[in-house]
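Me: I have a protein model with a ligand in it. How do I read the surroundings of the ligand, and then of a single residue?

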Amino acid sequence: MYTSLWQTARLLEAGKVVAIPTETVYGLAANGYDGDAVGHIFDIKQRPRTSPLIVHVGRQEEVEPLVASMPAGAQKLAAHFWPGPLTLVLPKSSLVSDEITAGRACVAIRIPAHPLTQELLGIVRFPLVAPSANPFGHISPTTAAHVAAQLGEEVPILDGGAAERGLESTIVGFEQGRPQLYRRGSIPEEALAQVVGAPIPYRQSKEGKEGRGGQLSPGRLERHYAPRTSLQLGMPRPWKGAAGQRVGLLRYRTHWAEVPAAHQFVLSPEGNLAAAARRLFAGLHYLDGLGLDALYAERLPDHGLGRVMNDRLARAAVPPAA
Ligand code: TXA
Ligand code: MG
């Protein structure tokens with residue numbers, strides 16, 4: 001079911017969960033001050049309650065009551081990138097429930113830039129908590145149709161068109177006041193480093209199942225962003241023919257002559273990483289919908305948004321736990 005902007009605001013005020021657009025991916029939103037509504041998000045997503053949620057507000061002034069403090073580095077990044085696809089993890093105030101942060105002392109906050117989301121946040125009088133609007137572990141939605149396909153009739157959807165960025169927000173936390181990259185995302189680390197004046201170390205946050213320490217041991221990836229069809233990162237070389245398998249290919253710039261074009265999704269013929277990022281999840285949704293035996297994704301150039309996409313594909317390629 002699709003809803004209008006005003007209907008969306010009314011549903012949220014009534015404690016309902018609504019899928020909303022943002023410039024990164026669609027979110028599954030609820031009133032952050034309504035514990036039942038927040039709980040409902042976890043149920044719909046089948047998400048473990050140990051996995052904390054991002055809080056979305058419309059303006060910088062609305063961040064202050066939600067946080068206990070803001071390091072200078074955070075202020076600098078906020079001034080530069082908000083509204084936009086940056087999430088800052090900051091010490092929470094008592095206004096933020098333990099349910100939202102999964103018991104952590106810090107809250108993840110961002111100010112989305114999507115005009116419709118901005119309008120919505122201007123109408124409702126509370127922060128919106130919203131994870132990506134996909135079943136836990138699966139491909140993030142970048143269109144309203146993706147949400148409808150994955151969550152069915154369960155949730156009303158505010159259609160804001162195809163997401164302009166197509167990858168989740170970049171998450172930055174602080175340790176002893178020093179910025180740390182917790183999740184690669186729409187703002188590449190090169191751009192962060194430019195604003196901060198130094199490279200930001202990558203300490204990947206645990207997206208996953210226990211969510212206790214917030215850290216993941218190096219080299220271990222959890223399955224995430226995953227299609228239902230098995231996926232491998234990297235093209236099979238040498239190509240031995242399909243051996244009876246029907247394969248789908250996610251390609252950067254060109255098709256492969258060996259595989260039917262309809263079983264391939266080319267991200268950006270011009271080799272534009274931002275354009276490719278916008279289409280990455282749409283490509284995975286498309287290929288997953290074909291019901292093929294196996295998918296292969298070409299590795300992207302390992303810098304800027306290319307590195308972010310390689311991160312997503314590596315996690316999507318982690319086989320399901322036995
Ligand atoms: O672009 C985005 O960030 C989208 C849109 C809807 O805003 N949201 C999104 O939410 O990607 P989700 O729930 O799919 O991913 C949120 C990530 C998770 O990896 C979670 O562990 C991390 O943010 N996170 C949330 N709160 C945190 C906290 N208090 N401390 C550390 N990490 C946190
Ligand atoms: Mg997600």
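Predicted model: local features only at pLDDT ≥ 70, side-chain atom pairs only at ≥ 80, totals over all residues.

Me: Which residues come nearest to ligand 1?

Reply: Start with the list of residues around the ligand. Here there are 23 residues around ligand 1, and Thr24, His56, Cys106, Ser169 and Arg183 come nearest.

Me: How do the shell residues divide into nonpolar, polar and charged?

Reply: Sort them by residue type. The shell around ligand 1 has 11 nonpolar, five polar and seven charged residues.

Me: Where are the polar atoms of the protein placed against the ligand?

Reply: Look at pairs of atoms and their distances. A polar backbone atom of Cys106 is 2.8 Å from a nitrogen atom of ligand 1. For Arg110, a polar side-chain atom lies 3.0 Å from an oxygen atom of the ligand. In the side chain of Ser169, an N or O atom is 2.5 Å from an oxygen atom of ligand 1. On its own, ligand 1 has 680 Å² of accessible area, and the protein covers 98% of that.

Me: Now the single residue. Is Asn310 buried or exposed?

Reply: Compare the relative accessible area with the cut-off: under 20% counts as buried. Asn310 is buried because its relative accessible area is 6%.

Me: Where does Asn310 lie, and what does Asn310 touch?

Reply: Asn310 lies in helix H9 (residues 304-316). Leaving out residues up to four places away in sequence, Asn310 touches Leu233, Arg299, Leu300, Pro301 and Asp302.

Terms used: Residues numbered from 1 in each chain as written. Chains lettered and ligands numbered in written order. Heavy atoms only, no water. Helix = DSSP H or I, 4+ residues; strand = E, 2+ residues; numbered from the N terminus. Buried < 20%, exposed > 50% of the residue type's maximum accessible area, 1.4 Å probe, protein only. Contact = heavy atoms within 4.5 Å. Near = heavy atom within 4 Å. Polar contact = N/O pair within 3.5 Å; in protein donor to acceptor, adjacent residues only side chain to side chain. Areas by Shrake-Rupley, 256 points an atom, 1.4 Å probe, with all protein chains shown as cover. Nonpolar A, V, L, I, M, F, W, Y, C, P; charged D, E, K, R; others polar.
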